[in-house]
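Hi everyone, thanks for coming. Please have a look at the sequence and the model on the screen, and then I'll walk you through a few details.

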Amino acid sequence: MADTSSPPTDQLAVTTLDEEVPKAQFSDRVPIRSIISRPDGGSGLAGRKARVGGWVKTGRKADKDAFAFLEINDGSCAGNLQVIVEASLGELGQLVPTGTCVVVDGHLKLPPAGTKQKIELRADKVLHVGPVDPAKYPLPKMRLTLEFLRDFVHLRSRTNTISAVARIRNALAYATHTFFNKEGFLYVHTPIVTTSDCEGAGEMFQVTTLLSEAERLEKELLQNPPPTEADVAAARLVVKEKGDVVSQLKAAKATKPEIGAAVDQLKKAKESLAKVEERSKLKPGIPKKDDGKVDYGKDFFARQAFLTVSGQLQVESYVCALSSVYTFGPTFRAENSHTSRHLAEFWMVEPEIAFAELKDDMNCAEAYVKFLCQWLLDNCLEDMEFMADKFDKGCIDRLKLVASTPFIRVSYTEAVEILEDAVKNGKKFENEVKWGIDLASEHERIKEMGLPLEPYEWYLDLRRYGTVKHAGFGLGFERMILFATGLENIRDVIPFPRYPGRADL
């Protein structure tokens, strides 16, 4: 839309200042958020100069191609800034396609009365154009399904939904560290590569270099075959001959230089023999022990190793010294599941508290979840309003309810009875509801599941030396994002989802 022919007097008054809006500290542009997310929507900045950069959400030419309207977004907030570019500043056809990147210098001005936006930018100069071919750009200006976007994980963050999820995820991660630091917890980086099966499920990704080493060795042996038995025998004969020479020189009471030179020749012959014998033992394929099992002693870590399914075991070694700790990082599960709630790579928040019991653990979990919900309401409301408008109308009310309502404690039996009553009243669940065994006890029987004790000796040391009562819990980070946003598929709340058959980028 065009500017009004006569700007209001207050705009003229501000225009005389002609000051530049402060840029981001580490970027040569003004974040759009610092313009349009002000309480006045940016109107108080009218007349000031600004350099903005972003990607075109929508663009169109107007007034017989005399100028173009661009709605640009830089990811700093959900809202867009309208930029007006005159044809004299550049090729408008190159600016208007969705997905184009632009950087412009201009003046902020009040739009005509009655328009949605509170401020717009009149471009004075186009500094950069990252063009897009509309015929090839895979994210056209239309509503795209989340399932479709999973095929373009490298571009989907440009969409309104995924960018909103990214900001919500960032807010929840920041809130997590804020909460635990405020409560005196220490953040512990637990290993991603582990020799322990924390949950006893056995569905772990193995970390090994045996396969790549076997392939490398096979190629090498084809190009440079290993020594034959005759080669080994010949090398041994050389050693014998060199040894005989040394013996003969000593018997003849030769000079030290003569004997020294012969000894050097013998050493070289022995070294050569050792190399020949070592290469003669090389065989293609994965190394095996005498009993036919894989010899993990030849592997990179000299033992069997996996990607972790949880940092819980390792973080317990720190809780027994630092009292209140937590780990927050990626975990992995080689479960061949295609459901909407499972990933092969996901993030877990796992606090552990020393000198604590179950009630303390539950109080911590309640306080943490409430803190997350309130944090989104206080710091990410614009994105939550987008989620409420597009996906789950009750998501904001749900956050308010959780943040303000005490959590009720029930026993396992009471919980099952509540679920059974829900089933009687017509509620359907994916899994059958029935009173079952204590899974925690079942999973903790290392011996019964055939797991080797040796990798867990360090953990048993925590019980042998200065043990302490401690408690902890785990929260699936992506599950929390699902709960907050109301989205249905966990693959849409992690930037680069990994699941059976897919590991893009």
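**Cysteines, rings and a helix pair**

Let's begin with Cys373, which is buried, at a relative accessible area of 0%; buried means under 20% relative accessible area, exposed over 50%, and partly exposed in between, with a 1.4 Å probe and protein chains only. Before I go on, a word on the source: this is a predicted model, where local features need pLDDT of at least 70, side-chain atom pairs count only at pLDDT 80 or more, and totals for chains, interfaces and linings use all residues. Residues are numbered from 1 along each chain as its sequence is written, and side-chain values use heavy atoms, with hydrogens and water left out.

Back to Cys373: how far is its sulfur from the closest cysteine sulfur? That closest sulfur belongs to Cys395 and lies 11 Å away, too far for a bond. A disulfide is a pair of cysteine sulfur atoms within 2.5 Å. Cys364 is buried as well, with a relative accessible area of 9%, and its sulfur is 15 Å from the closest cysteine sulfur, in Cys373, again too far for a bond. The structure holds 0 disulfides.

Now for the aromatic rings. A search of the whole structure finds 17 aromatic pairs. Rings of Phe, Tyr and Trp (its six-membered ring) pair if their centres lie within 6.5 Å; planes under 30 degrees apart count as stacked, over 60 as edge-to-face, and the rest as tilted. Take Phe148 and Phe152: their ring centres are 5.2 Å apart and their planes stand at 45 degrees, so this pair is tilted. Phe148 is partly exposed, at 31% relative accessibility.

Phe300 and Phe301 make an edge-to-face pair, with 4.9 Å from centre to centre and 75 degrees between the planes. Is Phe300 buried or exposed? Phe300 counts as exposed, at 59%, while Phe301 is partly exposed, at 39%. There is also an aromatic cluster, whose members include Tyr174, Phe179, Trp375 and Phe473.

Last stop, two helices. Helices here are DSSP runs (H or I, at least four residues), numbered from the N terminus. The axes of α9 (residues 312–322) and α15 (residues 457–464) come within 10 Å and cross at roughly 35 degrees; axes are lines fitted to C-alpha atoms over the stretch in contact, and angles run from 0 to 180 degrees between N-to-C directions. Leu313, Gln314, Glu316 and Ser317 in α9 meet Trp458, Tyr459, Leu462 and Arg463 in α15, where contact means heavy atoms within 4.5 Å.
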